[in-house]
Amino acid sequence: EVLQNHVLEAKVFHTEYGTGVAILTGAHRFSLTTNIDDLKLRRMPEVPGLQKPPSCWAVLSQDRVTIVLLAVGQDLYLLDNTSCSVVVSGLQWLAVGSRVACGHQHSLAGPSPVPLCPMGCSSAPSTHWQILPSALQAGMVGEQVAAGADGMPGLGQPFTLFVFFFPLIFAEASQEIFKIASMAPGALLLEAQKEYEKESQKADEYLREIKDQKLLAEAVSQCIEAAGYEHEPDTQKSLLRAASFGKCFIDKFPPEGFVRMCQDLRVLNAIRDYQIGIPLTFTQYKQLTIEVLLDRLVLRRLYPLAIRICEYLRLSEIQGVSRILAHWACYKVQQKDKSDEEVAHAINQKLGDTPGISYSEIAARAYDCGRTELAIKLLEYEPRSGEQVPLLLKMKRSKLALSKAIESGDTDLVYTVVLHLKNELNRGTFFMTLQNQPVALSLYRQFCKHQERETLKDLYNQDDNHQELGNFHVHSSYS
């Protein structure tokens, strides 16, 4: 079937078995393999009445089960090994909110460091939006809406809007707490805390319902978990206040989960701000990890926010602040509107002696940008000669590299530069260069005594050192 009808579209996905591929054929049928190294192509059930490619589709893989989720018009279908079922029909939409996102392909989750666009970016005609599994699992399903230039002021060419509907899908803890007439421990604790703030005796009545230590602990945990899935800071605070209230009645409740949730929510609220525009869910944030989030902020050049997050979470300097400052410095050297002295001074003022910072890497970036003098100035701040010298040799500043190697007192480093000079310069210039560096000349003589005795004779001749020249001939005769 694949050979006859060709492949209209393919998606690569990852499972516990390896790398998988799903394909949509010209007959509008899906086939997939969960491991391309052990190719077993499985044909999925037919979608009733599918006469054209779906508007969007994605592969979901979890717990050894791989399924295809696809949208046809206003219907959402789920294909598993044996059947095709309707997940959401057009009459069942519960559109509690919508979001208009740009049409560029940006990953909403996963390890990719590609930054998300701010809301409403329409800087180029859109091509295709790929809904990713994690977004779908969070209850995000999409529909393409074609719009012309008349539909959006200020845009002079047709583009595509992608409207995302959020059905009423919440975390289990949120459902338990906020559903109508809920008697879940978390719901009772939240009501108790609200009544306590009003100084009402009802607070005691609610607490009696969950006075058992196990129920109280469950109530606190539910409030903490539900806070993570709320986007409104006021609701987050209300749930966390309830959790804090409930902890007072529990013997030795571990505080780590509460503290971690407070930290996570502060970070999430900071990046969700409209000026930043990264509306991650709590689940996506945990899947991405803080390192990838910092990478995204760095790629957007949001260095101050990234540094504040590192300091707030108390990340190690090498893992956090140092890495971000190094990125900032590498960006700074590309600014051509400032002089070499200004840029070098600004970088040194900001970085100082911060652990984990390599001035040689920043200097290398400056050299790659064609700013050799700036690179040399930055190398002056590099405390490790072993890092300075290789870059100086690459920049063909061999004499300066020799001086730095001698200053370091590292014999091996001096030998490295001397042998590099020997290959780079003609014989006469090489000898003259060594004449001005007694330490290097002495080390080179030692090298020649063991490796190049004929060169040693030339050195004595050039220095008119008759005593050593005589010794050389006597030694040669005995040999």
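Biologist: Which residues does Ile 347 touch, leaving out those up to four places away in sequence?
Modeller: In this predicted model, Ile 347 touches Trp 328, Ala 329, Lys 332, Val 333, Gly 352, Tyr 359, Ile 362 and Leu 378.

Biologist: And which residues touch the most other members of the largest nonpolar core?
Modeller: Those are Ile 271 and Ile 347, in a core of 84 residues.

Biologist: Where does this core lie?
Modeller: It lies between domain 2 (172-259) and domain 3 (405-478), because both of them give residues to it. Apart from it there is another core, with 14 residues, including Leu 24, Leu 32, Val 68 and Tyr 77.

Biologist: Nice. Why might nonpolar side chains be found together?
Modeller: In soluble globular proteins, they tend to be buried together.

Biologist: How many bridges join strand 3 to strand 4?
Modeller: Two bridges join them, with strand 3 covering residues 30-33. Across from Ser 31 you'll find Arg 43, in strand 4.

Biologist: One more topic: which feature does UniProt place at residues 189-216?
Modeller: The unreviewed UniProt entry lists a "coiled-coil region" there.

Biologist: What does the chain look like over residues 189-216, in helix and strand?
Modeller: That stretch is 75% helix and 0% strand. The C-alpha atoms at its ends are 8 Å apart.

Definitions and conventions
Residues are numbered from 1 along each chain as its sequence is written. This is a predicted model: local features need pLDDT of at least 70, side-chain atom pairs count only at pLDDT 80 or more; totals for chains, interfaces and linings use all residues. Side-chain values use heavy atoms; hydrogens and water are left out. A nonpolar core is a set of buried Ala, Val, Leu, Ile, Met, Phe, Trp, Tyr and Cys residues joined through side-chain atoms within 4.5 Å. Buried means under 20% relative accessible area, exposed over 50%, partly exposed in between (1.4 Å probe, protein chains only). Domain bounds come from an automatic or database domain assignment. Contact means heavy atoms within 4.5 Å. UniProt positions are given in the numbering used here, feature names are shortened, and annotations may be inferred rather than shown by experiment. Helices (H or I, at least four residues) and strands (E, at least two) are DSSP runs, numbered from the N terminus. Two strands pair if DSSP finds at least two bridges between them.
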